Amino acid sequence: MEFGLSESQQFLKDSARKFFAGECPSAEMRRLMETDTGYDAGLWLKLAEQGYTGIIFPEEYGGVGLGKVELMLLMEEAGRALLPGPFFSTVVLAGSVVEAAGNHAHKEKYLAPICRGEVRATVALVEGGASWNPRDVQLSATNGKVNGEKLFVTDADVADFMVVVARNGVFVVDSKAHGLKISSMSGMDLTRKLYRVEFNSTPAEEIGDTAELSSAFDIATAALAAELVGGMQRILDITVEYAKTRKQFGKPIGMFQAVQHQCADMYLETESARSAVYYAGWALEEKSPDAAIAVSIAKMYASDAARTVGNRGIQIHGGMGFTWENDLHLYYRRAKASETAFGDATFHRERIARMVIDEGAVSAKHA
Amino acid sequence: MDLNLSPDELQFRDELRAWLKANVPRDWSEWREKPIEESFPYLRAWQRKLHEGRWAAVSWPKEYGGRSASLTQQAIFWEEMARVEAPPMANALGLGLIGPTIIAYGTEAQRSRFIPKILSAEEIWCQGFSEPNAGSDLASLQTEARLDGRQYVVNGQKVWTSYGWVGNWCELVVRTDSNVPKHKGLTVLLIDMKSPGVEVRPLRQMTGESEFNEMFFRDVRVPVENVLGKVNDGWNVAVSTLMHERGAYGARLHPLFKRNINRLIELSRKFQKNGQVAAEDPLTRQKLAQCYAEIEIMRMNQLRAFSRISATGAPGPEGSIQKIFWSELNQRLQQIAQEIFGPYGQLLGGDSHAIDNGIWSYGYLRTRGNTIEAGTSEVQRSIIGHFVLGLPKSY
């Protein structure tokens, strides 16, 4: 048994960190966040060249065929850089859903272009009831047409197609389709844009059954938790650096235990979230019987911890932490959006409770 | 990253399982609730049996009676022991902390003198570290040892000594030079507890029992052959013992925590909370799920730490997050139990209405000690702040 990263996993993580530091440093991230969509065609091309757009998908569709642990590592580094734009929506979300729900022809048509970096995409799930559970979806398709409304759809404005979750199946809608109306929702997270999407007799192609969604959503949920871990690590790093250099009363503030112990807690929370996320990635890859619990544990813990780490980071920075110029609040905003996306800690605790209290404990794989 | 057991690990587990199946005592439940003074010979006999199967100290090197087990194998060992509800071993400190320190720092003569009897539970060990005025600031301890010919003469007082009442030998940290900085004048002595001038008194703790003792040393004479490591290098010897305490210990606790949360989930179906069965009360469900999740994360943290230790060779300061994590989690677990049980939660063992014969009321009180013993949470956070994050020393 080995919980450490393999050489190739460590290499992937290190090169992703270098890539994002070079291609999406803070100044570039801020430039993109000020745009309407956060999307940059040049950056997208480079993501594709790295193979990131096809990271977990089979080679027959142009993917790289790596595992879920590798996806977690990539998303952690993307989260550390606060990568703006539709990478999560396109690759992790739409890509995973097409892979899980679609047949070979659908994958040729929709997944292969994602892998090749030719298209952007997203998934439309949540409605007015704000539930992340596909069972609560009201929208349905009749005779190949969808009617209704979806909310909190990420990156819809740059998506070439949209995967729509309906009561009676999973559908793909082209961005140029008739009766499609996309309007922006002003979310707190400036790096991942939200939209309201209306469908009015919009033509849609059915690609599969909603029963296939849970495995894809588990991947997306774990990946969001991985992004949160990367953000937490960044907040921890800049906060510790600040605590070492900022002086008050003639001493670095990190010398005061009231500050230092908060840094220690940030470390504990970040490392614990990371352990949970890596384990979830492994459990998903192995299709372990506790994979769903592992995903909920990771998302639950990371959702709460990212907020707490952000709270502490801002507090330790004092007035500097409250300024627009400091990047902390950008991570803090992302953390709030990702906390609610695909279920907040409360949602996942209830999901865990259903699995371990109601259905009897499916305990984690034991040594 | 591969969390499946390797063939070696599977073989280790299967061999242990088979051995336990044939040898684990069936009557432990009859002894469990008795005072430890009464059950101690039973625990000694159980350890002796484990030793005969070469299972008493799996982490120790083969040449000293262990199996040179990896950290993962050690975790497997404790999980299997918990799975069959095996009794604990009598010489817990000797096996877990002091034996490894003697193997690392002892002379050949000390190893052959002490190690076999630690394994067989013939000699029980205790640990004399803390003093009334030296708790978190251990290096400021005042018990002194003065050289007189070929003997040290020891005077002072120790406190919070586990197994002091039954200990035959003690790993004692003393001051041998008071004219140098506090960390540099310490020495570790191995003391025969039958030496004239050693007095052991029980220390009654908030649970009402006496796990710990106070020890008084008045002109106790110790031969120089019983110095462990080098004179005035006792700080390094003692820290090595403490690192063992914080390293793999969590692996022993995880199966117990797991058993507790599973039992609590079972009990939550039998108690009413907010007008319904506790297991159906949304708030209780949230708390149980949180606790269940954190117990899993405790294990994941542990496994990740094992991989780091295997890579670097020694338990490092990041062991401090394990200590904070398990101790605070254990307190939260007990609090949730109390919330579920309502007024029944307070009932002590022996009361006919007590739940599980009072283990939960006992646990609620006992876990307050978790964030204090083996290094307070405050000390652990300072260790992380300074040694892991590189912040300036705060003390």
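## Strand pairing in chain B

In chain B, strand 3 (residues 151-162) and strand 7 (residues 212-223) run antiparallel and are joined by 9 bridges. Strands and helices here are DSSP runs, E of at least two residues for strands and H or I of at least four for helices, numbered from the N terminus; two strands pair if DSSP finds at least two bridges between them. Gln151(B) stands opposite Pro223(B) of strand 7. Strand 7 of chain B is also joined to strand 6 (residues 198-203), again antiparallel, by 6 bridges. There, Val198(B) has Phe217(B) as its bridge partner.

## Basis of the model

The model is predicted: local features need pLDDT of at least 70, side-chain atom pairs count only at pLDDT 80 or more, and totals for chains, interfaces and linings use all residues. Residues are numbered from 1 along each chain as its sequence is written, chains are lettered from A and ligands numbered from 1 in the order in which they are written, and side-chain values use heavy atoms, with hydrogens and water left out.

## Two sheets in chain A

One open sheet of chain A has 4 strands in the order 1-4-5-8, with mixed pairing. Strand 1 (121-124) and strand 8 (205-208) are at its edges and have a single partner strand each, so one side of each is left without a neighbour in the sheet. Neighbouring strands are turned against each other by 30 degrees on average, direction ignored. Within this sheet, strand 4 (residues 161-166) and strand 5 (residues 169-174) of chain A pair in the antiparallel sense over 6 bridges, and Val163(A) stands opposite Val172(A) in strand 5.

Another open sheet of chain A, also of 4 strands, has the order 2-3-7-6 and antiparallel pairing. Its edges are strand 2 (140-142) and strand 6 (180-185), each with a single partner strand, so one side of each has no neighbour in the sheet. Strand 3 (residues 145-154) and strand 7 (residues 194-203) of chain A pair in the antiparallel sense over 7 bridges; one of the facing pairs is Glu149(A) with Glu198(A) in strand 7.

## Helices across the mixed sheet

Helix 5 (residues 87-101) of chain A lies across strands 1, 4, 5 and 8 of chain A, at about 70 degrees to strand 1. Helix 6 (residues 104-115) of chain A lies across strands 1, 4, 5 and 8 too, at about 85 degrees to strand 8. Axes are lines fitted to C-alpha atoms, for helices over the stretch in contact, and angles run from 0 to 180 degrees between N-to-C directions; contact means heavy atoms within 4.5 Å.

A salt bridge (a side-chain nitrogen of Lys or Arg within 4 Å of a carboxyl oxygen of Asp or Glu) joins Glu205(A) and Lys109(A), with the closest N and O atoms 2.8 Å apart. Glu205(A) is in strand 8 and Lys109(A) in helix 6 of chain A, and the two are 96 residues apart. Over all chains, the structure has 59 salt bridges.

## Contact between chains A and B

Chain A contributes 52 residues to the contact and chain B 51. The buried area (accessible area, with a 1.4 Å probe, that two parts lose on being put together, summed over both) is about 4,800 Å² between the chains, and carbon and sulfur atoms give 63% of that. Between chain A and chain B there are 4 salt bridges, among them one between Arg304(B) and Glu271(A) at 2.8 Å, N to O.

On the side of chain A that touches chain B, helix 7 (213-245), helix 8 (257-286), helix 9 (291-317) and helix 11 (345-358) of chain A each supply at least two residues. Helix 8 gives the most, with 17 residues. By class, this side of chain A has 28 nonpolar residues, 12 polar and 12 charged; Ala, Val, Leu, Ile, Met, Phe, Trp, Tyr, Cys and Pro count as nonpolar, Asp, Glu, Lys and Arg as charged, and the others, Gly among them, as polar.
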